[in-house]
Amino acid sequence: MPRPLKSMPRMTRKTTTPAPKKPAAGATVRKAKAGRPTSYRAEYAEQAVKLCRLGATDKELAEFFGVSEQTLNAWKKAHPAFLESLKEGKAAADAEVAEKLFRRATGYEHKAVKIVADAKTGAEHQVEYIERYPPDTTAAIFWLKNRRPDLWRDRIDNTHSGPNGGPIPVASTVRFIDPPPRSDDE
């Protein structure tokens, strides 16, 4: 009779990982940053203020700096000075537009110069005058709808209520009428 085969022990290769080295006493440990290095520069904050004052949107800012809007949003989170510069520039631009809209809605005037020619000699000379602009109805309506929507909105609130703002009383009357007699054919 043949002898049964003994099972062979599983052969594995033993590997050991070296233990991490401990820093020397008093040494600071730096972690390596993962990912691509940032393309942000400190001078971008100053450029962003100027661009925002000119009315640039986030998309236009991203195009100017050569990055995506997602990267621009990451810069806002990572660099508070950059975020503040964007807010400052946009607030300044918004305030200027609001001031111009107000002036347009209420009417304004400014000094102007007209160049006229003398009929006899043909010589040109400048004449100063005051240019006046009357209030613009469309600008006034826009201003009021945005500043006081409770008084100037287009939507009319139709609420129905009873006396003194209470519920509407509802009364129902049911009256039974004797039906006509039916014939057997029906």
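Colleague: Quick one: are H1 and H4 roughly parallel or roughly perpendicular to each other?

Modeller: Roughly parallel. This is a predicted model, by the way. The two helices, H1 and H4, pack at an angle of about 20°, and angles under 35 degrees count as roughly parallel, so that's the label they get.

Colleague: How far apart are the axes of H1 and H4?

Modeller: Their axes are 7 Å apart, and the crossing of H1 and H4 is right-handed.

Colleague: Which residues make the contact?

Modeller: From H1, you've got Tyr44, Ala45, Ala48, Val49, Cys52 and Arg53. The H4 side includes Ala81, Phe82, Ser85 and Leu86. By class, the contact has ten nonpolar, two polar and three charged residues.

Colleague: And which residues of H1 are buried?

Modeller: H1 runs over residues 44-53, and Tyr44, Ala45, Ala48, Val49, Leu51 and Cys52 are buried there.

Colleague: What covers them?

Modeller: The cover includes helix H2 (58-65), H3 and helix H4 (80-106).

Colleague: What's going on just after H1?

Modeller: Gly55 sits there, with a positive phi of about 95°.

Colleague: New topic: Lys76. Where is it?

Modeller: Lys76 is in helix H3, which spans residues 69-78.

Colleague: Is Lys76 buried or exposed?

Modeller: Buried. Its relative accessible area is 15%, and the cut-off for buried is under 20%, so Lys76 makes it.

Colleague: What does Lys76 touch, then?

Modeller: Leaving out residues up to four places away in sequence, Lys76 touches Asp58, Phe82, Leu83 and Leu86.

Definitions and conventions. Residues numbered from 1 in each chain as written. Predicted model: local features only at pLDDT ≥ 70, side-chain atom pairs only at ≥ 80, totals over all residues. Heavy atoms only, no water. Helix = DSSP H or I, 4+ residues; strand = E, 2+ residues; numbered from the N terminus. Buried < 20%, exposed > 50% of the residue type's maximum accessible area, 1.4 Å probe, protein only. Contact = heavy atoms within 4.5 Å. Axes fitted to C-alpha atoms, helices over the stretch in contact; angles between N-to-C directions. Parallel < 35°, antiparallel > 145°, perpendicular 65-115°, else oblique. Left-handed = near helix turned anticlockwise from the far one by under 90°. Nonpolar A, V, L, I, M, F, W, Y, C, P; charged D, E, K, R; others polar.
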